[in-house]
Amino acid sequence: MIIDYIRVHLPSVLSEANNRLKVFKSVVHYNHLSTKLRSEIISNILEATFSDIVPTVRSPFTDGEPDLWVGDVPLEIKTAKTVGVWRGGEYSKRESDYLLVSYDDSGEDMKWFVFFVNLKKGDWVSSGSTSYYATTIELDQVLGRGEILVGSVVKKRVKNHLVCG
């Protein structure tokens, strides 16, 4: 199964992604970047790292394709700062296996939360706005349907909150 393959390789991918992000931070003013841009950069680093170091994984170069192919199985990656809500555009609505990744970049080393889940088009919630196109998926929507690969969840008064590890 794809989840088992990802689980085996994920520690080395996250370690190498952390190293690559340190190099990136050393040449740009990372703290001046928007959270949205940081998330896109981290997503791109994860995609490149997976395809560079994990056998049978490749990363396409167009938005019309999944973020990764694990053999012939598509895998999408969605990243967000430690909030438990992931956003995506039109292609987020494709049915696929997903890695929902949250990060804490406040320290020297990244802390990660990685959740593996299969999502359908109907799982994504439209903003309902005519001026904002993004769809969203929340942690509470997917808990119990997938597996936490890195990090943990704590239940607070109303909602579950992710904890990067």
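1. Leu99 touches Ile6, Phe50, Leu75, Glu76, Ile77, Lys78, Val114, Phe115, Phe116 and Leu149, leaving aside residues up to four places away in sequence. The model is a predicted one.

2. A second, separate core has 14 residues, and Leu100, Phe115, Trp124 and Leu162 are included in it.

3. The largest nonpolar core has 29 residues. Leu99 is among those with the most contacts inside it, together with Leu46, Phe50, Trp112, Val114 and Leu149. Two or more residues come from each of α1 (2–27), α2 (35–53), β2 (68–70), β3, β5 (96–104), β6 (111–119) and β9 (147–150). The most come from α1, which gives 8 residues.

4. The sheet is open and has 6 strands, in the order β1-β2-β3-β5-β6-β9. Its pairing is mixed. β1 (57–58) and β9 are the edge strands; each has a single partner, so one side of each lacks a neighbour in the sheet.

5. β2 pairs with β3 in the antiparallel sense, over 3 bridges. Leu68 has Leu75 of β3 as its bridge partner.

6. Helix α1 packs on the sheet and touches β1, β2, β3, β5, β6 and β9. Its direction makes about 30° with that of β9. Helix α2 also packs on the sheet, touching β1, β2, β3, β5 and β6. The direction of α2 makes about 145° with that of β3.

7. Thr79 sits in strand β3 (residues 73–81). Thr79 has a relative accessible area of 12%, so it counts as buried. A polar atom of its side chain lies 2.8 Å from the backbone oxygen of Ser39. Beyond four places in sequence, Thr79 touches Ser39, Glu40, Ile42, Ser43, Leu46, Trp86 and Val101.

Definitions and conventions:
Residues are numbered from 1 along each chain as its sequence is written. This is a predicted model: local features need pLDDT of at least 70, side-chain atom pairs count only at pLDDT 80 or more; totals for chains, interfaces and linings use all residues. Side-chain values use heavy atoms; hydrogens and water are left out. Helices (H or I, at least four residues) and strands (E, at least two) are DSSP runs, numbered from the N terminus. Buried means under 20% relative accessible area, exposed over 50%, partly exposed in between (1.4 Å probe, protein chains only). A polar contact is a pair of N or O atoms within 3.5 Å; within protein, one must be able to donate a hydrogen and the other to accept it, and residues adjacent in sequence count only if both atoms are side-chain atoms. Contact means heavy atoms within 4.5 Å. A nonpolar core is a set of buried Ala, Val, Leu, Ile, Met, Phe, Trp, Tyr and Cys residues joined through side-chain atoms within 4.5 Å. Two strands pair if DSSP finds at least two bridges between them. Axes are lines fitted to C-alpha atoms, for helices over the stretch in contact, and angles run from 0 to 180 degrees between N-to-C directions.
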